[in-house]
Amino acid sequence: MRFLFKTDYEDDIRLFPHSGYIVSYGILLAFLVIAPFVLSSYLVSQLVFVCIYATVGVGLMILTGFTGQASLGHAAFLAIGAYTAAYLQQYNVPFPVYFLAGGLLTGVVGALVGFPALRLTGIYLVIATISFAFIVEEVLARWESVTHGNEGMRIKTLSLFGQAVPQNGPTFYFLCLGVLILTIVGTLNLLRSPTGRAFVAIRDSETAARSMGVNVSLYKVKSFAISAAITGLAGVLFAHKLSFISPEMFTLQLSIEFIIVILIGGTFSLHGAVLGAIFLVMIDPFLTYLKDDLPGIISGLAATFGADSVTAGKVYSNVAAIASANGLKGAIYGVIIVLFVLFEPLGLYGRWLKIKLFFQLFPLYKRATFKRQKIYVKSERNR
Amino acid sequence: MSYFRAENLSLHFGGLKAVDSVSFAVEKGEILSIIGPNGAGKSSIFNLISRIYPPTSGRIFFEDQDITEQPAYDIAGLGIARTFQNIELFENATMLSNLLVGRHRHSATQLWQELLFLPSVRAGEKVHRRRVEQVIEFLDLEAYRDKLISGLPYGVRKVIELARALCSEPKLILLDEPSSGLNVEETDDMSFWIRDMKTELGITVLMVEHDMTLVNRVSDRVIALNYGRVLAMGSPSEVQRHPDVVAAYLGA
């Protein structure tokens with residue numbers, strides 16, 4: 001176990017507390033840099049999705065994880081970023097301009113959504129953000145002069161400084177990775193300065209935050225704006241990655257996927273956003289695989305245990321019917337969320353911390369360290 | 001003119017008069033305690049001063065400025081800090097970041113500077129940290145810097161809340177039952193700190209307290225409340241001998 005000997009206030013400010021971090025993140029970065037040249041194009045494409053989802057995850061983490069304001073409307077923010085890109089691209093606006101415009105516009109919309117949030121908490125805020133998402137979805141479908149309605153919009157190949165950047169090439173991957181890294185660094189900077197601490201203060205006790213001089217309303221709006229702006233930037237990349245966008249891509253299910261990203265990853269850290277994104281991007285092909293192969297596997301098992309061919313055929317068709325049922329994916333996501341909230345409330349990153357601590361303290365690890373206390377201390381909370 | 005003044009302050013919840021035209025003044029550099037039975041309106045007065053509730057009527061002045069209409073977050077900016085009866089700390093943060101939130105009113109950096117963590121932000125952080133360390137030393141909290149609040153015992157939390165209030169470098173501090181939940185030894189420590197706050201840091205203290213030992217030891221003046229009204233005002237021993245106060249506590 002490593003004991004840090006702090007001699008300077010700087011020791012608590014710097015991003016990498018000790019050299020071990022630099023080594024491990026250096027190895028990770030080296031892997032990510034050589035990845036597009038050694039991995040198959042399918043895996044690189046998945047990595048691009050991880051980067052985009054993780055960027056959204058970081059945005060949502062600022063709002064939900066650090067400011068404590070739940071949102072099920074982030075698909076709409078993603079849509080606004082994506083459509084801004086698609087719209088401006090028609091007029092040959094260069095990429096850096098519409099990239100930033102997408103982020104800026106989404107940030108402004110986010111701030112506007114933040115205003116009703118000032119009076120709403122918990123489930124009511126969730127409902128408000130859902131309705132915002134539905135409004136955006138409907139506007140995208142109806143405002144045909146701008147969004148082409150349900151026909152959707154095609155996105156031309158990205159061109160950066162006169163060079164074409166195809167969405168399957170390594171350059172696009174590096175672009176997404178760069179955006180993710182910059183977002184993470186920016187967020188970490190925010191979290192170690194007064195604004196980030198004000199966010200956390202609002203999450204834990206609004207009354208105390210206010211009495212310490214935090215303008216709660218202003219910071220909630222700020223949090224919404226920053227979160228939305230980051231999601232908007234991711235939306236621009238998302239549009240380019242898919243090269244075609246239409247309103248039905250930005251539904252409630254996508255918002256729920258973003259919630260999964262932060263819940264599964266762990267709602268208290270930026271690591272969580274990235275781990276959750278990896279989890280989400282991995283589970284989709286896994287579910288497709290199950291859908292295709294599960295009937296065969298189960299009927300095969302039935303046959304092994306002595307079922308005749310007619311019964312095996314029935315098993316096959318029944319399982320196939322269940323596996324291809326509508327909305328099954330949503331149900332599975334729901335089950336995953338419930339299981340994680342019940343059994344791993346700190347998410348994947350929390351699990352990683354526990355494993356790390358286990359080896360650091362071996363053989364003196366105490367399970368009680370992470371046990372949840374079931375107490376309710378605050379008798380009268382000022383709201 | 002007094003340093004801090006409440007004039008005919010009232011707070012009514014429907015027919016219930018939690019605070020009923022209370023007037024009092026606090027002089028600069030004194031320790032004024034408010035005592036009274038449960039439900040006398042002591043904490044309500046604090047909540048009126050820190051603008052958690054808007055008063056039904058009456059006015060509040062601080063340094064000759066009318067602060068009755070100031071938004072709640074401005075009160076800290078004026079130099080009035082407070083603690084809460086039921087601790088209101090930021091549970092899932094370390095003690096250091098809790099105390100640094102106390103520095104919020106002194107932070108002058110803009111959002112874009114913070115996103116880039118410019119040298120000005122870094123320098124500001126170090127100044128805040130130095131101030132926080134002074135408070136940590138003042139209240140003997142060195143052992144808890146990186147501990148999460150949710151894992152700390154009640155007595156320590158109580159001190160941390162006082163520390164957070166001190167970090168904002170207040171001119172007037174409102175202490176809502178600083179000794180509730182503390183054992184005798186911790187209450188002794190608390191009384192030393194309250195006196196040190198007055199003599200060393202020059203902070204004016206307004207305090208709600210039930211523990212009469214603590215009140216007698218530190219207060220310059222005492223106000224006794226019952227049913228939202230002022231019963232008596234004066235030195236600790238005067239107030240304790242006042243017939244109305246005796247009646248309020250013991251029954252007539």
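In chain A, the axes of helix H5 (residues 95–117) and helix H11 come within 6 Å and cross at roughly 145 degrees, where axes are lines fitted to C-alpha atoms, for helices over the stretch in contact, and angles run from 0 to 180 degrees between N-to-C directions. Helices here (H or I, at least four residues) and strands (E, at least two) are DSSP runs, numbered from the N terminus. H5(A) passes H11(A) in a right-handed crossing, a term used if the near helix is turned clockwise from the far one by less than a right angle. The residues of this contact divide into 16 nonpolar, 10 polar and one charged; Ala, Val, Leu, Ile, Met, Phe, Trp, Tyr, Cys and Pro count as nonpolar, Asp, Glu, Lys and Arg as charged, and the others, Gly among them, as polar.

The structure is a predicted model, in which local features need pLDDT of at least 70 and side-chain atom pairs count only at pLDDT 80 or more, while totals for chains, interfaces and linings use all residues. Residues are numbered from 1 along each chain as its sequence is written, and chains are lettered from A and ligands numbered from 1 in the order in which they are written.

Between the chains, 28 residues of chain A are in contact with 35 residues of chain B, contact meaning that the C-beta atoms, placed from the backbone, lie within 7 Å. On the chain A side, two or more residues each come from helices H8 (170–191), H9 (194–204), H10 (206–211) and H11 (216–242). H9(A) gives the most, with seven residues, and by class this side has 11 nonpolar, 11 polar and six charged residues.

Chain B is assigned domain 1 (1–79 + 170–252) and domain 2 (92–169), with bounds that come from an automatic or database domain assignment. The C-alpha centres of these two domains of chain B lie 26 Å apart, and their contact takes nine residues from domain 1 and nine residues from domain 2.

Chain B also has an open sheet of four strands in the order S2-S1-S4-S5, with antiparallel pairing, two strands being paired if DSSP finds at least two bridges between them. Strands S2 (16–26) and S5 (65–66) of chain B stand at the edges with a single partner strand each, so one side of each is left without a neighbour in the sheet. S5(B) pairs with strand S4 (residues 57–62) of chain B over two bridges, and B:Phe62 stands opposite B:Gln65 in S5(B). Helix H1 (residues 42–49) of chain B packs on the sheet, touching strand S1 (4–13), S2 and S4 of chain B, and its direction makes about 70 degrees with that of S2(B).

Note on methods. Two residues are in contact if their C-beta atoms, placed from the backbone, lie within 7 Å.
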